[in-house]
Amino acid sequence: MRDTTAPLLDVAGLKTVFHTRSGDVHAVNSISFALEAGELVGVVGESGSGKSVTMMSLMDLLPRSAEIVGGEVLFEGRDVRGMTRAELLQLRGRDVGFVFQDPMTSLNPVFTVGRQITERLRKHMGMTKAEAKVRAAELLGLVGISDPERRLSDYPHQFSGGMRQRVMIAIALACDPKLLIADEPTTALDVTIQAQIIELVRDLRRKLDMGIIWITHDLGVVAGIADRVIVMYAGQIVEQGPVRDLFARPQHPYTRALLETLPKVTGERSERLHTIEGQPPSLGDEPTSCPFAPRCAHAFARCMTENPFRVDVGGGHDVACWWDPETGEMRDV
Ligand SMILES: Nc1ncnc2c1ncn2[C@@H]1O[C@H](COP(=O)(O)OP(=O)(O)O)[C@@H](O)[C@H]1O
Ligand SMILES: [Mg+2]
């Protein structure tokens with residue numbers, strides 16, 4: 001039964017481990033967040049922070065070596081981890097659309113783009129061949145591909161990188177998903193094309209009321225499109241909040257450092273990019289201390305012995321850190 005009061009997506013205490021020859025890798029460590037229908041959440045963090053594995057865990061798209069060892073994933077109130085294979089396929093094919101960084105890994109090179117879209121429409125929307133063809137051309141038009149009827153008979157390699165990413169978005173949107181998960185969809189593209197794709201998603205969002213999870217390592221990208229931002233570090237959410245509030249008063253030293261890496265335009269020149277010193281921790285053990293502490297200029301003794309829980313700082317904004325940037329002291333928690 002669909003629960004209409006439930007958020008679109010509700011994730012609680014999600015944990016995912018890779019079993020490798022050199023031991024377990026704790027890639028996702030008790031992730032909890034919710035997404036409302038129509039909301040756009042940006043997920044940011046350095047490479048290796050667990051963004052992709054978290055999203056793959058949601059719909060059980062993990063490689064064989066990975067195991068979800070805890071937590072709950074509810075989609076419109078329905079328990080995803082308890083779904084049958086058929087229910088899961090239906091959810092992935094119809095209710096959730098995915099866009100990945102490299103469209104060539106997701107597009108099939110030997111079939112025309114038209115066929116790849118129409119197959120999905122026929123399978124999940126029960127359309128006839130003719131109906132699916134009309135809708136497929138409509139979708140290509142929607143994502144800004146000109147002469148869409150003709151382009152249906154082209155193969156993926158006949159599209160440029162930016163156009164292929166648009167095709168991927170068209171496929172992801174084919175069945176009117178309620179949730180779109182875009183994993184670094186513009187990272188492989190040049191800056192101009194990247195801006196066009198971001199503009200496209202902003203526009204689509206207004207037209208189609210869907211929830212979007214937009215993963216990127218670039219805080220600058222989410223600033224322009226997200227309602228809310230989740231900051232990940234070492235497989236954990238270290239801070240999350242409404243985009244304006246998060247940029248106006250970043251709480252976590254890691255978020256603050258990420259913000260400092262953004263180029264600031266001062267006059268005509270951009271300042272040199274800062275980088276965050278130190279390395280992310282190895283994920284061989286589940287963290288029992290703050291994973292950022294070794295790189296943190298503000299760490300207290302307590303941070304070395306206890307992993308901070310998320311503290312509400314008001315306005316729907318919370319942070320997993322005990323240092324209070326306003327006072328420079330330990331938070332009173
Ligand atoms: N196939 C794998 N085998 C073992 N560990 C993996 C595998 N894929 C990812 N990981 C681990 O999970 C962590 C998170 O990876 P990922 O979610 O891909 O990071 P992100 O998307 O934030 O760059 C990585 O740091 C890595 O240690
Ligand atoms: Mg990734």
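Residues are numbered from 1 along each chain as its sequence is written, and chains are lettered from A and ligands numbered from 1 in the order in which they are written. In this predicted model local features need pLDDT of at least 70 and side-chain atom pairs count only at pLDDT 80 or more, while totals for chains, interfaces and linings use all residues; side-chain values use heavy atoms, with hydrogens and water left out.

**Stop 1: ligand 1**

Select ligand 1 and the shell of 13 residues that surround it; a residue is near a molecule if one of its heavy atoms lies within 4 Å of it. Gly48, Gly50, Lys51, Ser52 and Val53 are the closest.

Now show the polar contacts, which are pairs of N or O atoms within 3.5 Å; within protein, one must be able to donate a hydrogen and the other to accept it, and residues adjacent in sequence count only if both atoms are side-chain atoms. A backbone N or O atom of Gly48 is 2.7 Å from an oxygen atom of ligand 1. At Gly50, a polar backbone atom lies 3.0 Å from an oxygen atom of the ligand. Lys51 uses its side chain: a polar atom there is 2.8 Å from a ligand oxygen atom. The protein buries 67% of the 560 Å² that ligand 1 exposes when taken alone (Shrake-Rupley method, 1.4 Å probe).

Colour the shell by element, using helices (H or I, at least four residues) and strands (E, at least two) as DSSP runs numbered from the N terminus. Strand S1 (9-20), strand S2 (23-35) and helix H1 (51-58) each give two or more residues. H1 gives the most, with three residues.

**Stop 2: helix H1**

Select H1 on its own. How many of its eight residues are buried? Six are, so that the helix is mostly covered; buried means under 20% relative accessible area, exposed over 50% and partly exposed in between (1.4 Å probe, protein chains only). The buried residues are Lys51, Val53, Thr54, Met55, Ser57 and Leu58. After H1 comes Asp60, with a positive phi near 55 degrees.

**Stop 3: the sheet**

Select the open sheet of eight strands, whose order is S6-S7-S8-S3-S9-S10-S14-S13 with mixed pairing; two strands pair if DSSP finds at least two bridges between them. S6 and strand S13 (311-314) are the edge strands, each pairing on one side only.

Start at strand S6 (residues 96-99). Val96 and Phe98 are buried on one side, and Gly97 and Val99 are buried on the other. In a regular strand the side chains alternate between the two faces of the sheet. S6 runs parallel to strand S7 (residues 179-183), and four bridges join the two. Val99 has Ala182 as its bridge partner in S7.

Move to strand S3 (residues 40-44), which is joined by four bridges to the parallel strand S9 (residues 228-233). Here Val44 stands opposite Val231 in S9.

**Stop 4: two single residues**

Select Thr216 in strand S8 (residues 211-216). Thr216 is buried, with a relative accessible area of 5%. Its side chain reaches the backbone nitrogen of Asp218 at 2.8 Å.

Last, select Ala297, in the loop between strand S12 (269-270) and S13. Is Ala297 buried or exposed? Ala297 is exposed, with a relative accessible area of 73%. Show Pro253 as well: 44 residues separate it from Ala297 along the chain, and the two C-alpha atoms are 8.0 Å apart.
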